[in-house]
Amino acid sequence: MKALVYYGPKDVRVSEVPDPKIEQPTDVLVKITTTNICGSDLHMYEGRTDMEEGRIFGHENLGEVIEVGNAVVNIKVGDMVCMPFNISCGHCKNCESGLTAFCLTMNPGFAGAAYGFAGMGPYNGGQAEYLRVPFADFNCLKLPEDAQEKENDYVLLSDIFPTGFHATQLAGVKPGDNVVIYGAGPVGLMATISAGIKGANKIMVVDDHPDRLKLAEELGAIPIDFSKAPAVDQVLELTDGVGADRGCECVGYQCCDKHGHEHNNITMNELVQAVKFTGSIGVVGVYVAPDPKAADPLAKQGHMDFDFGNFWLKGQSIATGQANVKAYNRQLCGLISSGKAKPSVIISHELSLDEAPTGYQHFDARDKGWTKVILKPGK
Ligand code: NAD
Ligand code: ZN
């Protein structure tokens with residue numbers, strides 16, 4: 001089959017690779033019809049996170065089931081399914097409590113497993129024609145009748161819609177709260193929609209990309225352009241000097257590279273300043289542990305100088321981590337199906353699998369208008 005293969009930093013190509021096969025009786029094979037490029041892929045694409053050569057990218061996948069293992073009960077050939085980016089067993093201690101991003105079985109000793117991701121187990125990604133899905137009864141969300149019609153909405157259930165929702169959940173957003181969201185990338189925009197779903201009052205979204213900020217505004221947020229004036233000042237002005245009740249970090253450790261800072265301390269320390277005394281902050285932007293073997297372990301990896309003093313003084317709380325997609329995907333699927341949520345409004349480009357390398361280039365450069373790129377391997 002054809003798949004998007006990683007050869008080295010900023011070098012991904014569509015290559016011919018062996019087809020995946022059913023390996024366990026609990027597996028299914030899915031013919032991928034839509035698969036997305038994610039900001040998380042960029043950590044590996046840019047070489048910030050080491051990835052083995054030859055691996056297939058793609059953790060945001062949707063498609064049609066074409067083969068089922070003997071032990072699969074609920075999923076049938078022909079079903080349209082969307083897979084959470086987390087691969088989880090469904091019956092370990094963490095999965096049983098809904099913490100599927102921290103499954104203890106699929107990638108023991110680390111923070112869970114995912115398709116096509118460095119450090120997250122040996123599983124190949126779905127930026128390909130076919131994908132093997134382990135523990136398929138647990139890891140496939142069977143989509144409703146309108147699956148094909150709303151495919152570009154449902155595919156966002158694999159990661160960024162639940163992740164944006166998770167940001168607001170970690171931050172404890174409640175009706176009437178004023179919320180500041182750092183990052184108007186796909187995840188920040190999904191957090192914007194989610195804060196709206198939760199009944200937030202003012203939703204303030206910080207970025208410096210005019211087109212992404214415009215989208216945030218269209219989704220009901222107040223755009224805050226940090227290139228025009230310090231974001232913290234703008235948030236304080238909009239909240240009578242008090243600060244936002246809740247903050248969401250949807251940027252991750254890229255800001256280090258982007259602004260040439262020595263450490264990734266920008267967004268987290270700004271959030272401490274922009275959020276009120278006793279407010280709370282949810283962090284879904286990815287930070288990874290420093291790798292002592294890396295050439296410049298602190299600057300390259302997720303180390304940061306966090307302003308713990310002000311955080312403590314303000315009596316704030318913080319919650320972090322990868323999204324347990326399964327905790328939300330069924331409910332968010334219902335909101336899409338009933339027309340109450342339309343996350344696909346952020347999709348800017350729909351490309352064939354062959355065009356994936358071009359998609360990576362533009363999305364990585366954050367070129368004007370390239371907000372969210374989805375790939376259609378069948379086309
Ligand atoms: P993205 O890189 O497209 O978006 C990030 C946005 O942040 C960009 O628009 C960028 O301009 C903006 N930005 C950069 N520096 C900033 C600063 N100092 N202040 C404000 N904004 C700034 O990526 P994305 O797809 O939206 O993903 C965002 C983060 O979420 C990434 O770190 C990604 O890995 C992570 N993520 C986490 C999970 C999870 O489960 N926790 C899941 C998916 C993605
Ligand atoms: Zn993703």
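T278 sits in strand β14. Helices and strands here are DSSP runs (H or I, at least four residues, for helices; E, at least two, for strands), numbered from the N terminus. Phi of T278 is near 70°, a positive value in a residue other than glycine. Most residues other than glycine have a negative phi. T278 is exposed, with 11 other C-beta atoms within 10 Å. (Buried takes 20 or more other C-beta atoms within 10 Å of a residue's own, exposed 12 or fewer, partly exposed lies in between; C-beta atoms are placed from the backbone.)

This is a predicted model, where local features need pLDDT of at least 70, side-chain atom pairs count only at pLDDT 80 or more, and totals for chains, interfaces and linings use all residues. Residues are numbered from 1 along each chain as its sequence is written, while chains are lettered from A and ligands numbered from 1 in the order in which they are written.

## The sheet around it

β14 (residues 275-283) pairs with β13 (residues 244-249) in the parallel sense over 5 bridges; pairing takes at least two DSSP bridges between two strands. Across that pair, G247 stands opposite I281.

The two strands belong to an open, parallel-paired sheet of 6, running β12-β11-β10-β13-β14-β15. β12 (222-225) and β15 (317-320) are at the edges with a single partner strand each, so one side of each has no neighbour in the sheet.

Which loop holds F135? F135 lies between β8 (130-133) and α3 (136-139). Its phi is near 40°, again positive in a residue other than glycine. F135 is buried, with 23 other C-beta atoms within 10 Å.

In α13 (residues 329-337), the buried residues are N329, L332, C333 and I336. Looking down the axis of α13, they fall within an arc of 110°, so they line one face of the helix; the arc is that of the directions from the helix axis to the C-beta atoms. Facing away from that buried side are the exposed R330, Q331 and G334. Just after α13 comes G339, with a positive phi of about 85°.

## Around ligand 1

There are 33 residues around ligand 1, and G39, S40, G183, G185 and G252 come nearest. (Near means a C-beta atom, placed from the backbone, within 6 Å.) Elements giving two or more residues to this shell include α1 (39-45), α6 (186-197) and α10 (266-274).
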